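Please keep the sequence and the structure in view while reading.

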Amino acid sequence: MDLDSILSYCLSKPKSYEEQPFGPWPICCKVHGKIFAQLYPDKITLKCTAFQGQLFRDVWPDIVVRGYHCPPVQQPYWNTIDLSRFPAAELPHMIDLAYEAVVSGFSRKIQSMILE
């Protein structure tokens, strides 16, 4: 997947939107003020549960690594993926999980507002 396709897929999620709060890079995809994806020209960093994060790092070592930009306490909850080496067919699934990880952290009221 190219960067435009990835961004389009992220923005197809209910109530998702794009921001660039840190400058031109990364392009952040958010839902209700929380980031679920950070896009760079050659990589993407995605939110995850600690279990999912470790699973993906075990399945694709050296391609999927802990969120490189995060403080150590947050690293288990973010994965950075080398887009040049990662199977493109798997990326939408990981984006779905990132979006779900963020949405599931909201109250039921906010979840229903997002998913309506």
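Two strands are said to pair if DSSP finds at least two bridges between them. Helices (H or I, at least four residues) and strands (E, at least two) are themselves DSSP runs, numbered from the N terminus. The model is predicted, with local features requiring pLDDT of at least 70 and side-chain atom pairs counting only at pLDDT 80 or more, while totals for chains, interfaces and linings use all residues. Residues are numbered from 1 along each chain as its sequence is written, and side-chain values use heavy atoms, with hydrogens and water left out.

Strand β2 (residues 27-31) runs antiparallel to β3, and 5 bridges join the two. Within this pairing, Ile27 has Leu39 of β3 as its bridge partner. The hairpin of β2 and β3 has 2 residues between the strands, and in it His32 adopts a positive phi near 50 degrees. On leaving β3, the chain passes through a hairpin of 3 residues to β4. Strand β4 (residues 43-47) is antiparallel to β3 and is joined to it by 3 bridges.

Burial can now be considered, where buried means under 20% relative accessible area, exposed over 50%, and partly exposed in between (1.4 Å probe, protein chains only). Strand β3 (residues 34-39) is mostly covered, with 5 of its 6 residues buried. Ile6, in helix α1 (residues 3-11), has a relative accessible area of 0% and is therefore buried. Which residues surround Ile6, leaving aside its neighbours within four places in sequence? Taking contact to mean heavy atoms within 4.5 Å, Ile6 is in contact with Met1, Leu39, Ile44, Leu83, Leu91 and Ile95. By comparison, the C-alpha atoms of Ile6 and Gln111 are separated by 23 Å, the two residues being 105 residues apart along the chain.

Leu91 and Ile95 are among the buried residues of helix α3. This helix is mostly covered, since 10 of its 13 residues are buried. The expected span of a helix is 1.5 Å times one less than its number of residues. For the 13 residues of α3 this gives 18 Å, which agrees with the 18 Å between its end C-alpha atoms.

The aromatic residues come next. A pair of aromatic rings is described by the distance of the centres and the angle of the planes. Rings of Phe, Tyr and Trp (its six-membered ring) pair if their centres lie within 6.5 Å; planes under 30 degrees apart count as stacked, over 60 as edge-to-face and the rest as tilted. By this rule there are 3 aromatic pairs. Phe36 and Tyr99 form an edge-to-face pair, at 5.3 Å centre to centre and with 85 degrees between the planes. Because Phe36 lies in strand β3 and Tyr99 in helix α3 (residues 91-103), this pair ties together parts that are 63 residues apart in sequence. Phe36 and Tyr99 are both buried. Phe56 and Trp60 form a stacked pair, with 6.0 Å centre to centre and 15 degrees between the planes. Phe56 and Trp60 are likewise buried, and together with Phe86 they form one aromatic cluster.

Charges also lie over rings, a relation that requires NZ of Lys or CZ of Arg within 6 Å of the ring centre and within 35 degrees of the ring normal. Lys13 lies over the face of Tyr99, at 6.0 Å from the ring centre. The charged end of Lys43 sits over the ring of Tyr40, 5.4 Å from its centre.

Finally, Asn79 in strand β6 counts as buried because its relative accessibility is 1%. A polar contact is a pair of N or O atoms within 3.5 Å; within protein, one must be able to donate a hydrogen and the other to accept it, and residues adjacent in sequence count only if both atoms are side-chain atoms. The side chain of Asn79 reaches the backbone oxygen of Gly53 at 3.3 Å, and a polar contact of 2.4 Å joins it to the side chain of Arg57. Beyond its neighbours within four places in sequence, Asn79 is in contact with residues including Ile44, Phe56 and Val64.
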